[in-house]
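Dear colleague,

Please find below the structure that I am handing over to you.

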Amino acid sequence: MGISKLKTSNSATAPLQLAREVLSIEAREVQALAERLDDSFVNAVELILQCRGRVVVTGIGKSGHIGNKIAATLASTGTPAFFMHPAEASHGDLGMITQDDVVIALSNSGEADELLALLPPLKRIGTPIISISGNRHSTLSKAAAVFLDAHVTQEACPLGLAPTASTTAALALGDALAVTLLDQRGFSREDFALAHPGGSIGRRLLLHVQDVMRSGDDVPGIPRVSSLKDGLLEMSRKGLGMTAVLDEAGKPVGIFTDGDLRRAFEAGIDIHGTSMGDVMHADPQTIAPEQLAVDAVALMEQYSISSLLVVDQQGNLVGALNMHDLLMAKVV
C-alpha cells in the first residue's frame, strides 16, 4: 500500500533494541561534545554578550529546524533573536540584518549553497558569524569569526544518512549557549515569566495572591464571641466553605471550616449556645498578599488544607482564598 511494514522477523524486541541504540548513540555524541568544549565557546558567548543588535539564526533543511528552535530558546531566555531562512535572505530578508547583529549559521557540512551565498553580503555589512558545523575545514567555518565544533562520529540512523546525532548535537550546543547567556545576563525567574505571560509558567511566576484572592465584602469574617449559628450564616453568605474568626481589633485569631462544622455536629454541639471562639481552629495558616499564588498552593499542600487567610504586615485580614480560586486562575 505504499507504506513499508515494520520489520519483526528478527525478534519482537528489535524495535526496542534499535530505539535504545539510537538514544545511546545520541547521548554519547552529546557527551563527547561537552568534553571537547574549549575557548571558542567562551568567545561565542562574549561575542553575543557584546552584540548591540539581535542574534540572527540561519540554516537550511534539518539544520534550519534546529536553528528555529535555538532562536526561540535564545529569545525566551533574555537574548533577542530570530530565525532567518537563508533562501529568503537572498530575496530581501538580508535587509533585516545590520552590523550590530550576530549571525549563528548552522550547517553540518558547512558547504550548504544557501548559506555560502550569504557570506559575501554579510562580510560587506560587517556582521560577525558564529558557525555551528561538523566540519572545521568547511567554507562556512573558515569564514566565521567563531567556529563551534559540532561534529559527530556516527549518525544514529542505521543507514548513516538521516541527520540524527548531528542535529541533536547542534541543538544541545544551542541550548548550552542560551543557558550560559541566561546566566551571564543574570536573567531571573521573573524575567523568564515576563517572556511567557500566556503559559502555565507565566501564571505560576507572575500571579500573586492579591491577584486571585477574595477581598472586601467577599471575605468571610465573624467575631469570636459570636454564636456558631451566626458563623454558619456568614459562611453561607460568602460561599468560601470557611470563615475567619476575629478578635476585638478585627484581626484573625482563628478559622472555622466545613470540616470543623462536621466535627462540631458529630460532637452534638449546640449551634445557638456555642461561640465561634469555642470551635475555631486557632492560629490559622496565613499568607501575605504579595506572595506568589503558587506559594499558596504549596502551603495548602504542606498542611493539607483547602483555604487560606490573607493578612498584611500588621496582621490585618485583607483577603481569603481557597483551592478553587487557584484552580480557576490555572495556577494549579
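The notes below cover the sheet, the annotated domain and the salt bridges.

This is a predicted model, in which local features need pLDDT of at least 70 and side-chain atom pairs count only at pLDDT 80 or more, while totals for chains, interfaces and linings use all residues. Residues are numbered from 1 along each chain as its sequence is written, and side-chain values use heavy atoms, with hydrogens and water left out.

Helices (H or I, at least four residues) and strands (E, at least two) are DSSP runs, numbered from the N terminus. Strands count as paired if DSSP finds at least two bridges between them. On that basis, an open sheet of mixed pairing is formed by four strands in the order β6-β7-β8-β9. Its edge strands, each pairing on one side only, are β6 (221–223) and β9 (281–282). Strands β7 (residues 242–246) and β8 (residues 252–257) run antiparallel and are joined by five bridges; in one of these strands, β8, Pro252 is the bridge partner of Leu246. Helix α13 (residues 258–266) packs on the sheet and touches β8 and β9, contact meaning heavy atoms within 4.5 Å. The direction of α13 makes about 70° with that of β8; axes are lines fitted to C-alpha atoms, for helices over the stretch in contact, and angles run from 0 to 180 degrees between N-to-C directions.

An unreviewed UniProt entry places the feature "domain: SIS" at residues 44–187; such annotations may be inferred rather than shown by experiment. Over this range the chain is 43% helix and 15% strand, with its end C-alpha atoms 18 Å apart.

The structure holds nine salt bridges (a side-chain nitrogen of Lys or Arg within 4 Å of a carboxyl oxygen of Asp or Glu). Among them is Asp175 with Lys69, whose closest N and O atoms are 2.9 Å apart. Asp175 belongs to helix α8 (residues 165–185) and Lys69 to helix α3 (residues 62–76), so this pair ties together parts that are 106 residues apart in sequence.

Glu248 forms a salt bridge with Arg224, at 3.2 Å between the closest N and O atoms. Glu248 lies in the loop between β7 and β8 and Arg224 in the loop between β6 and α12 (228–238), so the pair ties together parts that are 24 residues apart in sequence.

Finally, Arg36, Arg136 and Asp149 are linked in a network of salt bridges.

With kind regards
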